[in-house]
Amino acid sequence: MAGPYSEKVMDHFMHPRNVGELPDANGIGQVGNPVCGDIMKMYIKVKDNIITDVKFQTFGCGAAIATSSMATELIKGKTLEEALKLTNKAVAEALDGLPKVKMHCSVLAEEAVQAAIDDYLKKTTGKGLPGFKPHEEPLEEHEH
Ligand code: FES
């Protein structure tokens with residue numbers, strides 16, 4: 001019998017794509033997960049409204065690693081508008097699903113993408129993403 005994780009989740013966990021720092025990033029977002037306190041940092045390089053490169057670093061769990069890895073693949077080469085439409089649900093679906101108790105982990109990826117775009121917009125236009133409020137601080141202690 002298969003475990004709680006799909007093969008795709010396992011693959012992205014064992015071989016995460018786009019891990020690390022992006023020295024020439026022009027948008028960097030960091031968010032914390034209010035449920036578990038884990039942290040995710042997302043670097044994007046934007047040129048002519050297209051995300052030409054993206055990397056992430058996380059202190060999150062395996063599900064956070066897998067969802068971020070998938071999220072980076074899904075937004076690479078996309079416009080900012082397309083990347084902003086990426087939901088954690090869509091990422092989880094692209095991974096053939098996540099266990100319910102792990103859905104909160106996928107929120108890190110979605111919010112980190114938004115935070116990076118928010119940072120990019122602030123740097124280039126002086127105005128951030130309208131209505132964007134990342135969870136920067138963990139709200140409470142939580143067992144993994
Ligand atoms: S990201 Fe914290 S438990 Fe998954």
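Which residue follows α2, and what is its phi? Gly77 follows the helix, and its phi is positive, near 85 degrees.

The model is predicted: local features need pLDDT of at least 70, side-chain atom pairs count only at pLDDT 80 or more, and totals for chains, interfaces and linings use all residues. Residues are numbered from 1 along each chain as its sequence is written. Helices (H or I, at least four residues) and strands (E, at least two) are DSSP runs, numbered from the N terminus.

**The sheet**

Three strands form an open sheet in the order β1-β2-β3, with antiparallel pairing; two strands pair if DSSP finds at least two bridges between them. The edges are taken by β1 (27–32) and β3 (50–58), each with a single partner strand, so one side of each has no neighbour in the sheet. Direction ignored, neighbouring strands are turned by 20 degrees against each other on average. Axes here are lines fitted to C-alpha atoms, for helices over the stretch in contact, and angles run from 0 to 180 degrees between N-to-C directions.

β1 and β2 run antiparallel and are joined by 6 bridges. Within this pairing, Gly29 has Met42 in β2 as its bridge partner. The hairpin of β1 and β2 has 6 residues between the strands, and Gly37 in it takes a positive phi near 85 degrees.

Strand β2 (residues 39–47) is joined to β3 by 8 bridges, again antiparallel. Met42 stands opposite Phe56 in β3. The hairpin of β2 and β3 has 2 residues between the strands, and Asp48 in the turn has a positive phi of about 50 degrees. Helix α2 (residues 62–75) packs on the sheet, where it touches β2 and β3, and its direction makes about 170 degrees with that of β3. α5 also packs on the sheet, touching β1, β2 and β3, with its direction at about 140 degrees to that of β1. Contact between two residues requires their C-beta atoms, placed from the backbone, to lie within 7 Å.

| Helix | Residues | Span | Expected span |
|---|---|---|---|
| α2 | 14 residues | 20 Å | 20 Å |
| α5 | 23 residues | 33 Å | 33 Å |

The axes of α2 and α5 come within 8 Å and cross at roughly 35 degrees. Their crossing is right-handed, a term used if the near helix is turned clockwise from the far one by less than a right angle, with anticlockwise giving left-handed. On the α2 side, Ala63, Ala64, Thr67, Ser68, Ala71 and Ile75 meet Cys105, Ser106, Leu108, Ala109 and Val113 of α5. By class, this contact has 8 nonpolar, 3 polar and no charged residues. Here Ala, Val, Leu, Ile, Met, Phe, Trp, Tyr, Cys and Pro count as nonpolar, Asp, Glu, Lys and Arg as charged, and the others, Gly among them, as polar.

α2 is mostly covered, with 11 of its 14 residues buried. A residue is buried if 20 or more other C-beta atoms lie within 10 Å of its own, exposed if 12 or fewer, and partly exposed in between. The buried residues of α2 include Ile65, Ala66, Ser69, Met70 and Thr72. Together, the buried residues of this helix pack against α1 (7–14), β2, β3, α3 (80–84), α4 (88–94) and α5.

**The end of α5 and beyond**

Lys122 lies in helix α5 and is partly exposed, because 13 other C-beta atoms lie within 10 Å. Not counting residues up to four places away in sequence, Lys122 touches Lys127 and Gly128. Lys122 and Gly27 are 95 residues apart along the chain, while their C-alpha atoms are separated by 8.9 Å.

α5 is followed by Gly126, whose phi is positive, near 85 degrees. Lys133 lies in the segment after α5 (103–125) and counts as exposed, because it has 11 C-beta neighbours inside 10 Å. Lys133 and Glu111 are 22 residues apart in sequence and 8.9 Å apart in space, C-alpha to C-alpha.

Most residues other than glycine have a negative phi. Asn49, in the loop between β2 and β3, has a positive phi near 70 degrees. Asn49 is exposed, because 10 other C-beta atoms lie within 10 Å. Asp96, in the loop between α4 and α5, has a positive phi near 65 degrees. Asp96 is exposed, with 11 other C-beta atoms within 10 Å.

Definitions and conventions:
The expected span of a helix is 1.5 Å times one less than its number of residues.
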